[in-house]
Each structure stands twice: as structure tokens, then as C-alpha cells.
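Please examine the sequence and the structure shown below. The report that follows describes a few of their features in turn.

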Amino acid sequence: MRIDRLVSLPAFGVFAFLAGAIVAEAADDALISKGEYLARAGDCIACHTNPGGALFAGGRPMATPFGTIYTSNITPDPTTGIGSWTADQFYGTMHTGRFPDGGLIYPAMPFGSYTKVTREDCDAIFAYLRSVPPVHQPNRPHDLRFPFNNRQLILGWRTLFFQEGEYQPNPTKSAEWNRGAYLVEGLGHCAMCHSPINALGGSSESKAFEGGLIPMQNWYAPSLTSNKEAGLGEWSIEEIVDLLRTGVSQRGAVYGPMAEVTFNSLQYLNDADVRAMAVYLKSLGQGSPLAAEASGIPLPESSLLMSFGQTVYATHCASCHATDGRGMPPDYPPLARNPSIQMESAVNPIRMVLNGGFPPGTEGNPMPYGMPPFAQTLSDDEVAAVVTYIRAAWGNRGSPVSSRQANELRTAPLD
């Protein structure tokens, strides 16, 4: 601000000028603060910040079935980041999945969800990203196998799986439900993990939230539509809010990739938004738990697994989860009648037994209780037996697992 300009103004003009500048600065600060909140809701930090690296400088390797993708620098550096972009170009990238020069973006970026984000919210996120320290760090080229290194193939993928357009509220639902749907389907991009991924790396919108294996991460993202898995239709709103906000509830706890989402994103959302997400997620749940499908393991072997598994459980698990499987929630999750134990895929309980884990440390649960790893303590047969036992005891209806399944996950990468 030039001093000679202020001196030449009448006293009233000086005050008006200063007041206008203060109001404009406050408006900018409010927009940046809103953008920071929305960037948290979108969990941008999880992909665009490499562990140990600078905020939003990119370079984080993302393993896919087609090779490794390295995330981009979205700091305001003018040459290696987005410092030369306009708000229109940023919105276009979020909305269309194309770079400002028209280049195609690989769908590891969830632009299929981000296209639903409003222009107003995109502008706020852009204002926030423009406010973070710029980092001069060139983007690392992707390491993809032929023919997936040909970006033109993305055109076919987009034709099959991408539908451009902002979220349109459902007029038959409440404002709270629509806010929850906007956050879950848009910024939260929950369907990216909780939907089955086919061989082309895409998912049909008709199968959204039906669950599936997360490629290359060796975790199973359960169905949010079926109460047999992680459908929340039978949960109370308060139980869902607790799980989202703190990572633990009376019903269970989050681990693996979902723990990272809670830690980086969900714990920072306000009460109204978390409740809106809970209302929407509860509406996705439907039906009742179904009978377990056949496992392919002969019945005599299954009976031996149950007997052996009960012994292993009594030795290593009952002190925390109780002999009747009721646990001591929220610190030690219940296993009895726990849908996450009984899912069609046994990947998650096997991984927890082998590798252990902690719920995220959040403001609402700053010192979470964790589960120790048993990979060095239990054999493949013992792991298979105890997982089979907890999936079928106390009225649970999960199918047995084999030692081969345990061995496959024992030797699989942790990330």
C-alpha cells in the first residue's frame, strides 16, 4: 500500500480505503480456510504428500495392477506445480479429468468423483493450494507397462466408466442426506475403494459401494450396501459418527487404508458434515446377514479347524476379545456378530492376525489400543484355524479359510 496515496486521500477516504482492504483480506482468509477444510474432506494430502516429503509436493508412488503412478506437485510453484494455473483451469482439471493443455489424467486420481464437486468448492480449494509454500519439485514420470503407458487408452476407459457432471441433489431426500451424498460421492471419493474394480481398472456405477479388493494394497474394502459386510443399516447414527470421527465405536474399529482416511481427513470434519455422511451411509445399508456360502473346504477339515482355532483363540485372543467374543469396546472390538469378520473375503481378518494394527490416533481417541502382530508367533495352519474360528463362532456365519490363504497374505507386501 503506497503511503503517498494514503496522504492524498481525505481522512474519511483513508478509513474507507483501509476498511475495504481489511474486508477483502478477511474474505480471502475465509476462502482459504474453507478451501483447507474441503481439501481435508477430499483427503488430498494422502496422495499428494510423500511420507517425509514437503506438503503437496507430490512424488508419492501409487502401485496399480498396471505399474506405478507417481502423484503430482500441486503446490503453487510456477514451473513444477500449479502456480501458473488459473481457477478456471483448476476447476476444469477437477471436473473433466484433463490437464489445462487437454492432456488425459490417469484415473488413479479420482476425477470420476471430483467431477461432482461444485465450482464454488473447487475455487476455495484452489485458493487454499495457492496459499501453501511453493515447492520446486519436478513431477516424476510414471512407470507403467506397455500398453498402459499410452495415455490415449484412457479415452476408452473414460467412455466406459466416466460420467462428467456436478452432483445433483435428490429432491426426494432431505438437505442433510444430500449433503452427506455430496461428501461421500464427491470429495470423499469413497466409491473408489468400496466398489468392485474390473480388469480394466474401472467400476460400473450400478455396482457403486458394493465392495471389492483394493488393488495392490492387499486389503478388502467391504460393501457399504450389504449389512452382511459393512452396510450400516443396522447401526445407529451415533455409532457411525463415532467410527468416522474417531476410528472406533461400540461396533468396531477402522484399520488399514480406512485408518489413514480417518487420520488425514474425517477427524477434521465438523459435526454437521460427519452426521450428514452418517445419514447417507446408513441409507445405503440394506437387507439382513445372509447364510455363508460354501468355502470349498471339506466339512471334516472345517471341523478340525474350528476345534484347533478355539484353542489358538483361547491362548492368544481371549484376554482382549473375551471368550464369548464380545470384546471390550471401544478399546477391543467385538468379534461376535461383527460383520467385518464374516465378509465373503477373509483378507482383512487374516491380515489383522498376521500384521496387527492400530486404529488412527485422533482427537477423540488420542491413544488407541492396538493389536500386536502374530506373523512370527503363529504358523499358517494356526492363523487359518483361529480366523476360521472367529468367523464361525458365537453365531457368526463366515466361511472357513485355508492355510494357503494365510500363506499368500503372509508373503504379500504390507502396502
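Which residue in strand 3 is the bridge partner of Gly67?

The model is predicted. In it, Gly67 has Leu144 of strand 3 as its bridge partner. Gly67 belongs to strand 2, which covers residues 67–70 and pairs with strand 3 over 2 bridges, in the antiparallel sense.

Strands of a sheet pair through backbone hydrogen bonds, and the pairing may be parallel or antiparallel. Here the pairing is antiparallel, in an open sheet of 3 strands with the order 1-2-3.

Helix 9 spans residues 237–246 and is mostly covered, as 8 of its 10 residues are buried. Among them are the residues Ile237, Ile240, Val241, Leu243 and Leu244. Glu239, Arg245 and Thr246 also count as buried in helix 9.

Against which helices do the buried residues of helix 9 pack? They pack against helix 10 (256–264) and helix 11 (271–284). Just after helix 9 comes Gly247, with a positive phi of about 90°.

## The chain as a whole

The chain contains 17 helices and 5 strands. It has 415 residues, of which 46% count as buried. Its accessible surface comes to about 20,700 Å², and carbon and sulfur atoms account for 58% of that area.

Contacts in the chain can also be sorted by separation in sequence. Among those between residues at least 6 apart, 65% join residues at least 24 apart.

Definitions and conventions:
Residues numbered from 1 in each chain as written. Predicted model: local features only at pLDDT ≥ 70, side-chain atom pairs only at ≥ 80, totals over all residues. Heavy atoms only, no water. Buried < 20%, exposed > 50% of the residue type's maximum accessible area, 1.4 Å probe, protein only. Helix = DSSP H or I, 4+ residues; strand = E, 2+ residues; numbered from the N terminus. Contact = heavy atoms within 4.5 Å. Pairing = 2+ DSSP bridges. Areas by Shrake-Rupley, 256 points an atom, 1.4 Å probe, with all protein chains shown as cover.
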